[in-house]
Amino acid sequence: MGEKIITRFAPSPTGNLNIGGVRAGIFAYLFARHSKGEFIVRIEDTDRLRSTKEYEENILEALAWLGLEYDRLFRQSEHAARHEELLRKLVAEGKAYVSQENTEATPSKAKESPQKGGKGRGEVIRFKNPNKTISFDDVVHGSISFETAELKDFVIAKSFTEPVFHFAVVADDWDEGVTHVVRGEDHISNTPRQILIGEALGAPRPVYAHLPLILGPDRAKLSKRKGARALTEYREAGYLPEAILNFDALLGWHPRGEEEILTKEQLIELFTLERVQKSPAIFDEGKLLWFNREHIKRLSDEEFARRLEQFSSTSVNPALVPLLKERVQTLRDASETLQSGELSFLKEAAVYDKELLLKGAKAEGPDVQKNLSRVAEMLGEIGVGDFTAEKVTEVVFPYATKVGRARVLWPMRVALCGTERSPDPFTLAGLLGKEKTLERLGKAINMLQ
RNA sequence: GGCCCUAUCGUCUAACGGUUAGGACGAGAGCUUUUCAAGCUCUAAAUCCGGGUUCGAUUCCCGGUGGGGUCACCA
């Protein structure tokens, strides 16, 4: 079967794209790329009341951010003429019929739509249900079968120009040549009626793969109403797209082997539908954060700086990049640390108080003063050009070990940065350079007078 | 409730019937250039229950129970 594989992702623009929603897109994408097939994005905008341009833009933006590039993009509404044609054909063939609805007979169901009472209300197009057993082989779940009789003659369109989801999906999948329908498990129960429609249309049946859902901490399907954040919000929060992709892919799927940090290219290479999990997975924010940290660490210093600059729209001192990279969880973290936090020592002259200077030193003022003076003396002998963290370590560390590390290293560190938390004293000295290091040491020594 | 899907540490998961049931996140303990972060080491932590099949079941079958999904003129 050398047939080209064609998959699609079909979000409806009735909300922002979130971690759960995009999952079907990610898997369909990985499957398509792994198989050297085609990946289509279809915006399902048949519900004109709830679909908005803003949501559509949000979805497309999120897909672009994640790097899920598509081969074709459609809006379902662009196929309106074709839908009408097929609808009329079905009715002409007696496989569907126009049904007069007795609106009074279902008062309870009309409660949500008082605004729709207008024209054309009483007429819908129903599918003539052959009432047979439908079974299909799902790639992830195996054989599934349904008794379709309980579906009755279900509605496939509100009018000839307003097809309902089930009908539009089947028609479009057929027209676009979709061979594999990869979507969330919440669509399993929709599948039999779509198969029925497909058979009536004479369309080939696609292969189905129903993905396990992502559940929130409350064990319910992730939804915006329950606080699922939009992908674009994760971007604002400083997450890397590769982390989201990696995390989402490994929720409900796992390659052979124990490596968990994977790039998009590796995911494509390794991905198979056969290894997707059957049961739902709970979304764990903490693990996402870990993926993010890991991907940050793997960025080159240049790339990290580039992204951080873009994220925070400020310039970044290259000297701080390695420090930032190892202590930060998100780009936002990095941005905040840079502006007001532990790494502010470079700009501002250190301001500190005597207590902090002695706090971790476990020694008296004069004692500490003596130690710092000795350190300053030794550092003074290093040439300006040789004043690196390594060199400072080489000079100071043996002395610190001899005298007692706490009584040297702690006050030295505080003298250089003035804050309770910071990188180690050697790194600080290397970053500050000889002149500033000696200047700050001097200030601290004077203070202890 | 009907129908459908599903079941390994708290969470994500590995183990084509035979393993001391492995890894990761998180948690706890310790080490370190005695701060913070990172890193490293160690520890606790799981096969839902009951029946089969089998020499042998996490794995296959059946039944319970639990969890999820779905029952629209929404997608």
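1. A word on terms before the helices: axes are lines fitted to C-alpha atoms, for helices over the stretch in contact, and angles run from 0 to 180 degrees between N-to-C directions. Helices (H or I, at least four residues) and strands (E, at least two) are DSSP runs, numbered from the N terminus. Please keep in mind that this is a predicted model, where local features need pLDDT of at least 70, side-chain atom pairs count only at pLDDT 80 or more, and totals for chains, interfaces and linings use all residues. Residues are numbered from 1 along each chain as its sequence is written, while chains are lettered from A and ligands numbered from 1 in the order in which they are written.

2. Now to the helix pair H15 (residues 389-403) and H16, whose axes lie 6 Å apart at an angle of about 130°. That makes H15 oblique to H16 (under 35 degrees counts as roughly parallel, over 145 as roughly antiparallel, 65 to 115 as roughly perpendicular and the rest as oblique). From H15, Tyr 399, Ala 400, Thr 401 and Val 403 meet Arg 405, Arg 407, Val 408 and Leu 409 of H16 (contact: C-beta atoms, placed from the backbone, within 7 Å). This contact has 5 nonpolar, 1 polar and 2 charged residues (Ala, Val, Leu, Ile, Met, Phe, Trp, Tyr, Cys and Pro count as nonpolar, Asp, Glu, Lys and Arg as charged, and the others, Gly among them, as polar).

3. H16 also deserves a look beside the RNA, as it gives the most to the surface near RNA strand B, with 4 residues.

4. On to the open sheet, where 4 antiparallel strands run in the order E4-E5-E8-E9 (strands pair if DSSP finds at least two bridges between them). E4 (96-100) and E9 (162-163) are the edge strands with a single partner each, so one side of each has no neighbour in the sheet. E8 (residues 155-159) pairs with E9 over 2 bridges, and Ala 157 has Pro 163 in E9 as its bridge partner.

5. Helix H3 (residues 80-92) packs on that sheet, touching E4, E5 (123-127), E8 and E9, with its direction at about 90° to that of E4. The axes of H3 and H4 (residues 165-175) come within 10 Å and cross at roughly 105°; the two helices are therefore roughly perpendicular to each other. Here Arg 82, His 83 and Leu 86 of H3 meet Phe 167, Ala 168, Ala 171 and Asp 175 of H4.

Notes:
Two residues are in contact if their C-beta atoms, placed from the backbone, lie within 7 Å.
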